[in-house]
Amino acid sequence: MTESVIYKNILAGAEQQGDDDKGYQEGYLGDAIRFRMNRDGKRFWAGDNISEYLQDTDKEQLINDAAEAFETVLDRLLIDRETDPNSKGTARRLAKMYFNEVMAGRYETAPDATAFPNDSADRYEGMLVVRSELRSMCSHHHQPVAGVAYIGIIAANKLIGLSKYTRIAQWCARRGTLQEELCNDIAREIMKATDSENVGVYIQATHGCCENRGIMAHSSLTQTTVLKGAFTTDAGTKKEFFDNIKLQQDFAPR
Ligand SMILES: [Zn+2]
């Protein structure tokens, strides 16, 4: 009996007991989770975090189920996963890669960003600009997106560790996204973690879906900018942000 069948039986039992998963018919754990999200009106697009609907132990089962589904995809693509040594473990590798790497930001809770007070007499009042390397994936083609985000902030009453900016940016990026969405997501999460209303995010990235397929443009580069608070209302702040980006790029060209 496969684990998913076992799970189906467990759910059938839960249904008989009047569990609130009643109405759920299919045999996979993912179907039960999807049922709960639909019931609650929770959006679960490729760029959304759904960690609140997962238990610690669910991931292994979700990976097993996805591996089974990827086997079917490989079969439909007429790839011999029985005798081709390179394709033998591919279904499981893909399942693990999606859950643990390229889409990890959907399933993991937000990085813990401990805040330190910035409210003494000599508080830091300048702009902070952090350069964060990003790896993401487009929702349309599941092709890699690779680039750099420059996160600018005018510190409010709390500061977070420098590495947290990058951890938050990467947590937002490790999903299926559009660059425009990603830029917004990073700005929103940084504002949430720092309580600052003055935030700017600028992303430069290359897109596998333009490089490896479609227009096959090897040097295409996409830039997106999201500005909040003083970054949009004050021309001096906006200029300082882009001047800082230029300085960073001179220091470490991508
Ligand atoms: Zn794409």
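Which residues make the nonpolar surface patch of about 240 Å²? I looked this up in a predicted model. The patch is formed by Val-73, Leu-77 and Ile-79.

**Entry: Ile-79**
I placed Ile-79 in the loop that runs between α3 (58-76) and α4 (90-102). Its relative accessible area came out at 32%. I noted Ile-79 as partly exposed, because that value falls between the 20% and 50% cut-offs.

**Entry: Ala-113**
I then turned to Ala-113, which sits in the loop between α5 (104-107) and β1 (115-117). Is Ala-113 buried or exposed? I have it down as buried, because its relative accessible area of 19% is under the 20% limit. I also listed its contacts, leaving aside neighbours within four places in sequence: Ile-160, Lys-164, Ile-168 and Ala-193. I checked Gly-161 as well, which is 48 residues from Ala-113 along the chain. The C-alpha atoms of Ala-113 and Gly-161 are separated by 7.2 Å.

**Entry: zinc ion**
Which protein atoms are the donors of the zinc ion? I found SG of Cys-138, ND1 of His-141 and SG of Cys-209, at 2.2 to 2.4 Å from the ion. I wrote the sequence spacing of these donor residues as C-x2-H-x67-C.

I looked up accessibility for two of the donor residues, Cys-138 and His-141. Cys-138 has 4% relative accessibility, so I recorded Cys-138 as buried. His-141 has 36%, so I recorded His-141 as partly exposed.

Technical notes
Residues are numbered from 1 along each chain as its sequence is written. This is a predicted model: local features need pLDDT of at least 70, side-chain atom pairs count only at pLDDT 80 or more; totals for chains, interfaces and linings use all residues. Side-chain values use heavy atoms; hydrogens and water are left out. Patches are made of residues with over 30% relative accessible area and no salt bridge: like charges are joined within 9 Å, nonpolar side chains (Val, Leu, Ile, Met, Phe, Trp, Tyr) within 5 Å. Accessible areas come from the Shrake-Rupley method with a 1.4 Å probe; for residues, only the protein chains shown count as cover. A salt bridge is a side-chain nitrogen of Lys or Arg within 4 Å of a carboxyl oxygen of Asp or Glu. Helices (H or I, at least four residues) and strands (E, at least two) are DSSP runs, numbered from the N terminus. Buried means under 20% relative accessible area, exposed over 50%, partly exposed in between (1.4 Å probe, protein chains only). Contact means heavy atoms within 4.5 Å. Donors are N, O and S atoms within 2.8 Å of the metal (3.2 Å for Na, K and Ca); water is not among the atoms, so sites may look incomplete.
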